[in-house]
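Dear colleague,

I am passing on the structure we spoke about, with the sequence alongside. Below it you will find what came out of going through the coordinates, set down so that you can follow each point on your own screen.

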Amino acid sequence: MSVLALLAAPSFVDTLLLKFFSEQTVNYVIWPLIQVGLVVTITAGWVAYATYLERKISAFMQARLGPMRVGPWGLLQPIADGLKLLTKEDFIPENADRWIFFVAPYIAVVAAFIVLAVVPFGPDWAVITDVNIGVLFVLAVSSVGVLALILAGWSSNSKYALLGALRSSAQMVSYEVSMGLAIIGALMFARTLSLSGVVEAQASNSVWFLLYQPVGFMIFLVSGIAENNRAPFDLPEAESELVAGFHTEYSGFRWSLFFMAEYTAMVVVTAVATTLYLGGWYFPFVYRLTEAKGYHSVYVVVSLIVFLAKAGLLLYLYFWLRWTLPRFRYDQLMDLGWKWMLPAALINIVVTAIAVTVIQGLDNPSGMHTIKSLSAGLGLTVSGKVIAIAFGIVNLFLTAGVLSLINWRSRDFNLKKQRHQIRLVDLPKGKPAVAPVETVSEARP
Amino acid sequence: MPLVPVPKPTFTQKLKRFFMVDLLKGMAVTLGFNIGALTDKDSVAGKGIYTEQYPKVRPDVAPRFHGAPRLNMDPETHDTLCIACNLCALACPEDCIDVIPMDVEVVVAGKPRRKKVLDEFIFDTSRCMFCALCQEACPTYCLELTQDFELATYSRAGFVWNREMLEQGRETVKYES
């Protein structure tokens with residue numbers, strides 16, 4: 001029973017707090033502070049251990065063991081790393097723009113952490129605040145992170161840092177577009193911008209938007225990875241070309257702040273992808289087994305675990321892709337962003353709009369019953385769901401077809417075009433070229 | 001420059017491209033290694049951990065491995081087995097062995113005789129290439145290349161082993177966890 005008592009903590013704490021403060025203070029100051037403290041602490045700890053996980057997983061994928069010496073199985077490695085970074089010299093390069101150099105890491109971390117305020121980790125008390133423009137807020141604030149990278153690169157007074165910053169800003173701006181457009185498809189089914197509302201729309205429909213929006217999910221995921229500057233899109237910090245990219249000149253704690261920002265941004269993107277496409281904290285049968293039987297706190301905690309498991313799987317995908325795919329060339333990256341992702345996102349919007357229109361049009365006049373209710377998202381009946389899923393699958397093929405039509409002249413990712421390109425420009429067409437035979441100079445004795 | 005013959009993709013290849021089969025294959029490889037690292041114990045044939053935890057776990061060197069040299073002694077009398085015949089020094093292609101003999105007076109069958117015994121044995125491990133030709137030349141199985149591989153020292157002079165080091169082994173700080 002002690003476990004149940006622990007799970008029932010919020011109401012117990014609530015009554016305790018009400019003895020000392022007024023109800024308004026408790027609701028609008030104390031509780032949010034507790035939630036913020038918890039989320040920031042847990043995320044910071046998670047970020048520290050994400051570095052450990054990344055090192056471990058990359059080691060396993062290369063048949064190594066990874067960190068093993070600090071603590072059992074190297075579990076204390078993140079703490080040792082943190083202490084080492086804290087004790088390092090805070091180096092400022094000569095002629096650097098000191099103030100901007102100081103401020104840039106903080107902007108990066110703040111931009112990454114603020115987004116966590118609107119992410120619905122679970123129902124009821126597991127979400128800090130439910131803003132009714134949640135998706136817009138996420139997109140707006142997370143793109144402030146680009147500013148931090150530009151400032152860091154610019155103020156460092158280093159060519160590598162500047163080049164890295166230029167690359168990352170170009171990359172993030174171009175992928176931001178398709179990311180924002182990919183979300184719209186999911187929002188058409190959710191009919192709200194609130195992230196909790198999106199999850200509730202999926203929960204009341206008992207369906208994940210991944211089924212309606214396979215193309216949208218893929219675009220969002222690829223753009224998210226590119227947005228976070230993670231491999232295979234880690235051009236801004238391509239080790240072999242740019243030393244360390246925008247944070248080349250940073251050391252000690254400021255460097256670790258950039259690292260924290262990167263990993264928090266990863267957490268944010270996985271959380272938003274989970275919320276929009278994988279049903280957030282919704283999982284079949286959880287509601288029926290817990291909330292319906294009166295165990296409210298159990299319901300919240302189980303939903304929280306479900307959410308974290310889904311986000312964790314996506315995070316594993318990040319590490320997985322990093323050690324599977326080689327880095328893109330810069331022109332390939334831009335090609336992928338503007339010639340493939342952006343048209344795909346636009347096609348996705350059009351097809352989704354057609355799907356929603358068709359579902360709405362079929363509802364009344366033909367006697368078919370496709371829409372159940374509009375209270376939480378687009379509540380569809382079974383036939384409506386089938387139509388939506390069919391449109392999603394057709395969209396996959398349609399997008400591939402239209403993309404190959406658009407890009408039939410594009411060189412990258414197009415073997416047919418590349419075949420015609422492997423040829424000297426001067427040579428006449430159709431004539432089989434012969435390699436010029438090198439004549440041995442006769443002057444040689 | 002000749003045209004590079006790039007064959008036209010067949011329908012199967014196009015289908016593979018569409019469903020990103022190659023990407024999935026690559027991801028299957030990395031996932032296989034990740035799962036193998038957690039479950040598979042056979043590191044050579046399987047997908048388990050290949051690396052060794054060196055100072056903690058001593059590696060198993062191959063049976064033919066040649067390492068630090070050693071001068072063997074008679075296990076009962078603890079006298080050296082070396083008869084100062086100089087065959088090892090002659091066999092050494094790198095010329096890194098110096099056998100320094102001395103004469104001692106012994107009485108054999110009532111008559112005083114002079115006998116050549118080992119005084120000092122110099123083995124330069126910095127020049128040694130561990131071919132073990134000296135070991136093969138030794139008629140008394142005295143000189144032997146053991147499987148000990150920790151030969152690093154702080155100076156060049158440390159690489160030159162004398163008779164005491166060869167007989168007793170060099171003192172090294174062993175890792176204790």
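In chain A of this predicted model, buried residues make up 40% of the 445 residues. The chain has 18 helices and two strands, and of its contacts with a separation of 6 or more, 75% are between residues 24 or more positions apart.

On confidence, the model scores ipTM 0.72 and pTM 0.79, while chain B averages a pLDDT of 84, with 93% of its residues scoring at least 70. Where pLDDT is low, the predicted coordinates should not be read in detail.

The largest nonpolar core has 111 residues, and the residues with the most contacts inside it are A:Ala108, A:Ala112, A:Ala186, A:Phe220, A:Ala273 and A:Tyr277. Helix α13 of chain A, residues 252-277, supplies the largest share of this core, namely 16 residues.

B:Ile97 counts as buried because it has 22 C-beta neighbours inside 10 Å, where the cut-off for a buried residue is 20 or more. Neighbours within four places in sequence aside, B:Ile97 is in contact with B:Cys88, B:Ala89, B:Cys92, B:Phe123 and B:Cys134. B:Cys142, on the other hand, is 45 residues from B:Ile97 along the chain, and the C-alpha atoms of the two are separated by 14 Å.

On the side of α3(A) the contact is made by A:Ile57, A:Phe60 and A:Met61, and on the side of α2(B) by B:Thr30, B:Phe33, B:Asn34, B:Ala37 and B:Leu38. Sorted by class, this contact of α3(A) with α2(B) has six nonpolar residues, two polar ones and no charged ones.

Two loop residues of chain A complete the list. A:Glu89 is found in the loop between α4 (77-86) and α5 (98-114), and is exposed, because 7 other C-beta atoms lie within 10 Å and a residue with 12 or fewer is counted as exposed. Even so, with residues up to four places away in sequence not counted, A:Glu89 touches A:Ser251 and A:Gly252; A:Phe253, 164 residues from A:Glu89 in sequence, is 8.6 Å from it in space, C-alpha to C-alpha.

The other residue, A:Pro326, lies in the loop between α15 (296-322) and α16 (330-363). With 8 other C-beta atoms within 10 Å, A:Pro326 is likewise exposed. A:Pro326 and A:Ala44 are 282 residues apart in sequence, and their C-alpha atoms are 29 Å apart in space.

With best regards

Technical notes:
Residues numbered from 1 in each chain as written. Chains lettered and ligands numbered in written order. Predicted model: local features only at pLDDT ≥ 70, side-chain atom pairs only at ≥ 80, totals over all residues. pLDDT = per-residue confidence, 0-100. Helix = DSSP H or I, 4+ residues; strand = E, 2+ residues; numbered from the N terminus. Contact = placed C-beta atoms within 7 Å. Nonpolar A, V, L, I, M, F, W, Y, C, P; charged D, E, K, R; others polar. Core = buried A, V, L, I, M, F, W, Y, C linked by C-beta atoms within 7 Å.
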